[in-house]
Amino acid sequence: MDINLTRILALFLIGVATLGCENAVTPGSNNSTDPTNNGGATNLTSAEQADEGSKTDSLKTTVRIATYNVSLNRQKEGELVSELKTGNSDQAKKIAEVIQRTRPDVLLLNEFDYDERGAGIDAFQTLYLRKSQHEQDPIGYSHVFFAPVNTGYDSGYDLDKNGKQGEPTDAFGFGQFPGKYAMVVLSRYPIDVENVRTFQKFLWNDMPDNQWPVDPETNKSYYSDEVKAIFRLSSKSHWDVPIKIGEKTIHLLASHPTPPAFDGPEDRNGARNHDEIRMFTDYVGGTADYLYDDKGVKGGLEKGAHFVIAGDLNADPFDGDGNGKAAQQLMTHANIQVEEIPASSGGPHYAKAQGKANDSQQGNPAYDTADFGDVRPGNLRVDYCLPSKTLTLKATGVYWPKPGEPGGDLVGASDHRMVWIDIE
Ligand SMILES: [Ca+2]
Ligand SMILES: [Ca+2]
Ligand SMILES: [Ca+2]
Ligand SMILES: [Ca+2]
């Protein structure tokens with residue numbers, strides 16, 4: 001058995017136990033509105049639960065699923081935990097208020113630094129989410145999943161070819177320490193932990209017809225054969241996290257592909273971004289026989305399974321440093337719903353107010369999910385919650401109010417905005 005995976009599961013169980021314990025001894029929040037006090041496993045009423053037994057294709061309840069790059073990453077290992085434990089992090093308070101105002105049932109957080117014990121996410125829940133921010137109802141998540149990611153794990157090679165080894169740019173994913181820019185899944189519904197699949201170690205070269213970068217000057221592989229033999233595809237990790245909602249299972253497919261920038265004419269990061277997105281489109285498309293997870297189990301998602309592809313995918317369908325092909329893999333996929341696009345009122349407002357690159361973009365600014373530099377690349381649509389066609393989409397949104405609208409002062413807490421969908 002893979003030692004690392006065993007450790008992940010063990011830590012997850014510790015995490016749940018710790019959260020449960022803290023929940024029990026921390027009555028400070030308004031418990032009457034804290035959904036975790038309903039046992040945490042489900043928020044269906046008993047009538048709805050009975051209805052679940054009728055075996056229709058719908059979920060029989062509306063579930064809000066969201067993705068949010070919260071930018072809770074710090075320069076040094078342990079720094080985020082220390083900051084959160086003060087209970088006084090201004091950024092964390094604002095992030096918590098956005099979550100309390102939007103109230104997702106299942107939430108992927110990108111850029112939340114990893115720590116083995118889950119002390120960071122524990123503190124974030126206890127001291128921020130479960131406390132009212134500006135009169136908003138507290139919210140808590142009884143079910144949490146986190147696991148190691150590739151960021152900051154040194155590859156042992158000079159990946160950026162600048163003559164120095166052991167730099168953040170030489171890690172399997174860019175990062176100053178192991179676990180920087182990690183991910184966490186929070187859920188009010190039970191997570192089927194035993195059937196979580198992680199793809200942290202899958203090697204890029206094992207993907208057939210990959211976009212392996214080629215140096216345009218020499219027409220040879222940008223990376224050496226030695227690097228090719230150890231290069232992991234996922235810059236953070238790719239997770240299939242099954243969430244149990246009544247009798248249904250929805251697979252939350254979480255990832256955070258590398259930005260297509262910070263590279264050279266070989267476009268090594270653009271190529272990797274494309275193939276990181278391709279991993280999940282293959283996974284849900286019946287074309288993933290080549291894939292193996294960290295336990296060595298092969299293949300993709302079972303045909304007809306419900307899924308939501310979630311995360312900061314660092315790819316806009318029209319604009320930015322990518323060539324658009326990475327995102328188009330999602331937009332043209334037979335099993336993914338893309339017709340209704342989450343939008344905001346703030347996106348158009350800020351694109352107009354900030355101008356510059358935004359003025360010459362192709363994409364509708366109402367769909368932007370990130371407030372990036374005005375000169376380059378401008379604001380982009382890079383964060384996604386894309387449901388399978390098996391699910392009924394009821395509503396969607398991007399949390400990006402205009403200045404003066406309720407919660408409009410919170411958006412500076414991250415360069416990204418929360419994207420949410422309601423599904424049945
Ligand atoms: Ca280097
Ligand atoms: Ca590039
Ligand atoms: Ca901007
Ligand atoms: Ca834009």
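This is a predicted model: local features need pLDDT of at least 70, side-chain atom pairs count only at pLDDT 80 or more; totals for chains, interfaces and linings use all residues.

**Terms put to the test**

Modeller: Start at Gly355: just after α9, this residue takes a positive phi of about 60°. Residues are numbered from 1 along each chain as its sequence is written, while chains are lettered from A and ligands numbered from 1 in the order in which they are written.

Colleague: What does the secondary structure of the protein chain come to?

Modeller: It comes to nine helices and 13 strands. Of the 424 residues, 49% count as buried.

Colleague: What makes a residue buried or exposed?

Modeller: A count of C-beta atoms, placed from the backbone. With 20 or more others within 10 Å, the residue is buried; with 12 or fewer, exposed; in between, partly exposed.

Colleague: Then why does Lys228 count as partly exposed?

Modeller: Lys228 has 14 C-beta neighbours inside 10 Å. Lys228 is found in helix α6, residues 225-228.

Colleague: Which residues is Lys228 in contact with, leaving aside its neighbours within four places in sequence?

Modeller: Asn205, Ser221 and Tyr223. A contact needs C-beta atoms, placed from the backbone, that lie within 7 Å. Lys228 and Leu203 are 25 residues apart in sequence, yet 8.3 Å apart in space, C-alpha to C-alpha.

Colleague: Why does His134 count as partly exposed?

Modeller: His134 has 14 C-beta neighbours inside 10 Å, so it counts as partly exposed. His134 is found in the loop between α5 and β3 (143-145).

Colleague: How do you know that the buried residues of α9 are on the same side?

Modeller: In α9, residues 346-354, the buried ones are Gly346, Gly347, Tyr350 and Ala351. They cover an arc of only 125° around the axis, which puts them on the same side. The arc is that of the directions from the helix axis to the C-beta atoms. An α-helix has 3.6 residues a turn, so residues three or four places apart point the same way. The face turned away from the buried side carries the exposed residues Lys352 and Ala353. What covers the buried residues of α9 includes β12 (393-398).

Colleague: How do you know that the span of α7 agrees with what it should be?

Modeller: The expected span is 1.5 Å times one less than the number of residues. For the 16 residues of α7 (268-283) that gives 22 Å, and the end C-alpha atoms are 22 Å apart, which agrees.

Colleague: Why is α7 called largely enclosed?

Modeller: 16 of its 16 residues are buried, so α7 is largely enclosed by the rest of the structure.

Colleague: What do the buried residues of α4 pack against?

Modeller: β1 (63-72), α3 (79-85), β2 (106-112) and α5 (119-129). The buried residues of α4 include Ala92, Ile95 and Val98. Arg103 follows α4, and its phi is positive, near 55°.

Notes. Helices (H or I, at least four residues) and strands (E, at least two) are DSSP runs, numbered from the N terminus. Two residues are in contact if their C-beta atoms, placed from the backbone, lie within 7 Å.
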